[in-house]
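The sequence and the structure are shown first.

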Amino acid sequence: TARQSELDAFVTRVDDTIMAAIPEIARDPALVRDLHASTRSQFQIFLSLLERPAQEVLLPPQAVDLALSLARRQLDLGVLLQVYRSASSAVWEYFTEVVRTADTGGLDRTDLLIYLWSHGGAWINGAVEQLIHVFSAEREATLQGAIARRSEVVHAILRGEQVSLAEATAALGHPVREHHTAVVLWEDGEVAPDVLSRLAGVVGTLGAALEASTLSIPAGRAEAWAWLTARTPIDAAAVQVAVNGLAEHQDPAPWRVAVGCPASGVRGLQHSHREAVDAQRHALSAAAEARCTAYADVELAALVAGNEAGARRLVERELGALADPDPSLDRLRETVAAFLAHGASVEAAAAELFVHKNTVRYRVAQAEDLLGHPLSQRRTEVAVALACLERFGPARSS
């Protein structure tokens with residue numbers, strides 16, 4: 001087998017099996033070259049050690065090079081493992097042919113096959129064990145380097161520094177010219193070791209669901225900042241639908257999401273992110289723990305959040321008894337908010353709340369009694385006060 005012609009045939013046989021199973025390698029000429037060098041050099045060393053009773057695994061540099069190439073292309077560890085699973089199958093078939101056809105000189109063929117396979121299995125298992133460490137270390141270094149470079153550019157944009165469209169696109173490898181919807185993802189409570197990986201997975205799944213490119217960076221022990229980017233704007237309602245759909249398949253789903261408004265270009269990355277952060281701030285201060293909070297839904301409260309005392313006075317002054325901490329008033333407040341949001345349309349409010357139009361009319365009348373004036377008066381102030389009430393809580397004590 002160590003003869004050149006036999007060795008060539010062995011490498012072709014094993015590598016053809018591997019490439020048939022792993023198209024990522026088959027269509028990459030550089031990886032094919034690395035694969036051939038790895039298989040040849042490993043088998044040569046294996047043959048030189050075959051007469052030793054216990055198999056020693058001495059990996060050649062070519063085997064390490066293949067693992068590094070796979071990691072640097074950001075392929076999964078599963079690709080590396082599949083290389084050796086496929087090789088294992090091909091080598092087993094080769095050994096069985098050798099034992100069946102060779103002149104064994106009176107040796108028991110079963111004993112010979114056991115001897116060959118025990119050495120071959122020990123080599124493959126030992127190689128995989130060593131190369132997992134090589135692959136993981138390189139993948140971590142590659143990813144951390146990429147994350148560091150990406151984070152540096154993103155933070156420069158968020159600080160308002162002058163970063164051109166061309167510079168940002170090249171540095172981030174992201175279609176910066178298009179429309180971005182920023183999202184902030186985080187988990188409350190105790191921080192799990194894999195939380196950032198889990199949040200990155202959520203971003204990827206949302207991007208796939210919305211047919212959007214994704215850009216994300218870690219922003220803390222249990223927080224990630226991300227952008228969903230597409231040629232047409234992705235509004236918060238679409239993100240909320242995707243978030244709710246994803247959460248239904250995770251029990252429990254500990255993560256929460258805040259969403260900015262869509263905007264394009266370099267400044268769009270910045271502005272939408274600021275809105276997502278404001279939406280997150282609202283979500284963290286609000287009594288209810290919503291799965292997804294959109295800036296467009298809390299913008300009025302977010303804008304006055306810098307003056308909490310004034311906001312509370314606005315609530316008390318504009319809402320009066322409608323702001324009392326009485327759960328029975330929740331439906332009235334919800335109805336008034338929907339009624340005002342839809343331009344005082346009873347029909348639209350009823351459709352949003354899934355109630356009859358007469359129910360909306362009845363609740364609006366009740367609310368007007370508590371307010372002391374019709375909702376046609378001071379409608380903007382009342383809408384802002386309701387938004388502030390949701391954020392800051394009741395302004396009156398019972």
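## Strand pairing

Strand E1 (residues 179-187) runs antiparallel to E3, and eight bridges join the two. Helices (H or I, at least four residues) and strands (E, at least two) are DSSP runs numbered from the N terminus; two strands pair if DSSP finds at least two bridges between them. Opposite Trp 225 in E3 stands Val 184.

This is a predicted model, in which local features need pLDDT of at least 70 and side-chain atom pairs count only at pLDDT 80 or more, while totals for chains, interfaces and linings use all residues. Residues are numbered from 1 along each chain as its sequence is written, and side-chain values use heavy atoms, with hydrogens and water left out.

E3 also pairs with strand E2 (residues 213-220), in the antiparallel sense and over seven bridges. The two form a hairpin with two residues between them. Here Leu 215 stands opposite Trp 227 in E3.

## Burial of E3

Strand E3 spans residues 223-230, and eight of its eight residues are buried (under 20% relative accessible area, 1.4 Å probe, protein chains only). In a regular strand, side chains alternate between the two faces of the sheet. Glu 223, Trp 225, Trp 227 and Thr 229 point one way from E3, and Ala 224, Ala 226, Leu 228 and Ala 230 point the other way.

## Helix H6

Helix H6 (residues 109-158) has 50 residues. From first C-alpha to last it reaches 70 Å, close to the 74 Å expected (1.5 Å times one less than the number of residues).

At the N-terminal end, Asp 108 caps H6, with a side-chain oxygen 3.0 Å from the backbone nitrogen of Thr 110. Just after H6, Gly 160 has a positive phi of about 90°.

Note on methods. Buried means under 20% relative accessible area, exposed over 50%, partly exposed in between (1.4 Å probe, protein chains only). A polar contact is a pair of N or O atoms within 3.5 Å; within protein, one must be able to donate a hydrogen and the other to accept it, and residues adjacent in sequence count only if both atoms are side-chain atoms.
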